[in-house]
Amino acid sequence: MKYLGSHVGLSSPDYFLGSVNEALSYGATALMLYTGAPQNTLRKDIAELRIEEGKAKWLSAGNSLDHVVIHAPYIINLANRTKPEAFAFAKDFLKEELCRSAAFGAKWLVLHPGAHVGQGDEEGLSALIEGLTEVLNEDGTDVTIALETMAGKGSEIGRTFEFFRDFFERFPLKHRVGVCLDTCHVHDAGYDLSDPEGLLDEFDRLIGLDRLKVVHLNDSKNVRGAHKDRHANLGKGEIGFEKLYRFAHLSRLDEIPIILETPWIDGKPPYKEEIAALRKGEMIG
């Protein structure tokens with residue numbers, strides 16, 4: 001577990017420099033952020049975001065830009081092409097996010113596979129493949145998209161490892177896409193984290209461990225298989241601290257950035273304490 005961090009903010013006046021300072025205050029060696037609000041299209045111009053200052057501060061602390069992760073906004077849905085204008089918007093906005101991610105020096109852009117909105121899993125998969133192929137054929141960056149494992153709420157696609165197996169079997173630009181494994185999501189999708197090595201073995205058998213690019217480490221407020229996606233703080237949910245600790249310390253994850261997306265507690269971020277707990281192996285009080 002070399003590269004451990006959390007979601008951090010991106011707000012005025014310091015923007016990315018502030019993001020880096022926030023991550024460093026938690027003792028983080030990785031970080032994840034949105035380039036703007038995840039629920040809308042409002043975006044500050046890249047030139048205003050103090051990116052070079054943030055990069056310099058991050059590197060001066062001995063960290064690598066390889067462990068800066070960007071998360072795409074939720075409003076991008078490539079699994080639904082029932083409305084041509086909405087499908088075109090999703091593709092165009094993703095192209096912009098790839099360019100913005102590259103400006104931060106980020107290597108990974110985490111993207112939710114999307115929702116088929118009643119059209120069925122096969123249609124959702126087909127639409128995702130079409131949309132991503134078009135986007136990446138026109139993209140000039142070297143940013144890799146990491147499709148996130150999902151809990152399976154509503155008509156979400158991406159809730160099983162078999163989905164990702166099928167995706168990679170059919171997707172033509174395999175070198176441009178990887179996977180982000182979210183522990184809350186796979187638990188809510190029905191996977192058992194009590195045997196973390198076994199879970200990674202199954203991932204490797206169906207998808208290939210070389211395609212695992214990012215881990216989101218979260219506890220869950222729901223019982224296994226609930227398909228609800230409600231994150232809990234480490235040790236405060238149905239997965240439990242011990243399982244998450246053992247998962248995070250698997251040697252096969254040593255080179256992969258591990259990102260916390262756990263809820264704030266009493267209006268304050270818990271990440272400094274949770275990062276320390278993961279490093280010490282002590283249950284959070």
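Predicted model: local features only at pLDDT ≥ 70, side-chain atom pairs only at ≥ 80, totals over all residues.

Trainee: What makes the chain agree with a compact globule?

Mentor: Its radius of gyration. A compact globule of 285 residues would have one near 19 Å, and the chain has 18 Å, so the two agree. Along its principal axes, the C-alpha trace spans about 50 × 45 × 35 Å.

Trainee: How many of the residues count as buried?

Mentor: The cut-off is under 20% relative accessible area, and 54% of the 285 residues count as buried.

Trainee: And what is the chain built from?

Mentor: Nine helices and 10 strands. Take the contacts between residues at least 6 apart in sequence: 78% of them join residues at least 24 apart.

Trainee: Which residues touch the most other members of the largest nonpolar core?

Mentor: Leu94, Leu132 and Phe167, out of 80 residues in that core. Helix H4, residues 121-138, gives the most to this core, with seven residues. Apart from this core lies another one of 10 residues, including Tyr3 and Val214.

Trainee: How do you know that Leu94 is in contact with Leu132?

Mentor: Contact needs heavy atoms within 4.5 Å, and Leu132 is on the list for Leu94 once neighbours within four places in sequence are left aside. Ile76, Leu78, Leu109, Leu111, Val135 and Ile145 are on that list too.

Trainee: Why would residues like that gather inside?

Mentor: In soluble globular proteins, nonpolar side chains tend to be buried together.

Methods:
Residues numbered from 1 in each chain as written. Heavy atoms only, no water. Core = buried A, V, L, I, M, F, W, Y, C linked by side-chain atoms within 4.5 Å. Buried < 20%, exposed > 50% of the residue type's maximum accessible area, 1.4 Å probe, protein only. Helix = DSSP H or I, 4+ residues; strand = E, 2+ residues; numbered from the N terminus. Rg over C-alpha atoms; globule rule 2.2 N^0.38 Å.
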